[in-house]
Amino acid sequence: MKADKLFWIPRMLTIIFILFLSLFALDAFSGEAPFYEKLAGFFIHLVPSFILVIGLAIAWKRPFAGGCVLILLSLLFTLQFNTYRLVSYFLIISVPLFVAGVLFIVFHVLAKKKTT
């Protein structure tokens, strides 16, 4: 039972984080630009979410590799979005990805121990 919960925790954390990050893309619809420009801006704002979906897909199939990818994305987001400048930004943007990556790796290790 404990392993089942650990199986879903990193996946749900990553899905919730992707949805949270995707909310910021709705900002593209504000302003006076034509609709097609707003739509283009919306999809550009969703690029980090698309990258995270790819990382989640990797982690879902291969938890160890996906955990490493999520940890690397956490570091990339820290550098790209300058979340290291404010602790609150760092805690909101970078830490959840890092925690999810670590949890995927922990799940992989525990699942491997269970089978041996």
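Colour the chain by secondary structure: along the sequence the pattern reads α-α-α-α-α. That makes five helices and zero strands. Keep in mind that this is a predicted model.

Zoom out to the C-alpha trace. Its principal axes span about 60 × 30 × 20 Å. Of the 116 residues, 34% are buried. Now show contacts between residues at least 6 apart in sequence: 64% of them join residues at least 24 apart.

Switch to the surface. Next, colour the charges. There are 10 positive and 4 negative side chains, and the centres of the two sets lie 26 Å apart.

Select the aromatic rings. The structure holds eight aromatic pairs. Start with Phe7 and Phe107, an edge-to-face pair at 5.2 Å centre to centre, with 70° between the planes. Phe7 sits in helix H1 (residues 2–23) and Phe107 in helix H5 (residues 87–115), 100 residues apart. Phe7 is partly exposed at 23% relative accessibility, while Phe107 is buried at 13%.

Move to Trp8 and Trp60. Their ring centres are 5.7 Å apart and their planes meet at 75°, so this pair is edge-to-face. Trp8 belongs to helix H1 and Trp60 to helix H3 (residues 47–61), 52 residues apart. Trp8 is partly exposed at 42%, and Trp60 is partly exposed at 35%.

Select all four rings together: Phe7, Trp8, Trp60 and Phe107 form one aromatic cluster.

Last stop: Arg11. Arg11 lies over the face of Phe7, 3.8 Å from the ring centre. Arg11 also lies over the face of Phe107, at 5.4 Å from that ring centre.

Conventions. Residues numbered from 1 in each chain as written. Predicted model: local features only at pLDDT ≥ 70, side-chain atom pairs only at ≥ 80, totals over all residues. Heavy atoms only, no water. Helix = DSSP H or I, 4+ residues; strand = E, 2+ residues; numbered from the N terminus. Buried < 20%, exposed > 50% of the residue type's maximum accessible area, 1.4 Å probe, protein only. Contact = heavy atoms within 4.5 Å. Lys, Arg positive; Asp, Glu negative; His and termini not counted. Charge placed at Lys NZ, Arg CZ, Asp CG, Glu CD. Phe/Tyr/Trp six-rings, centres within 6.5 Å; stacked < 30°, edge-to-face > 60°. Lys NZ or Arg CZ within 6 Å of the ring centre and 35° of its normal.
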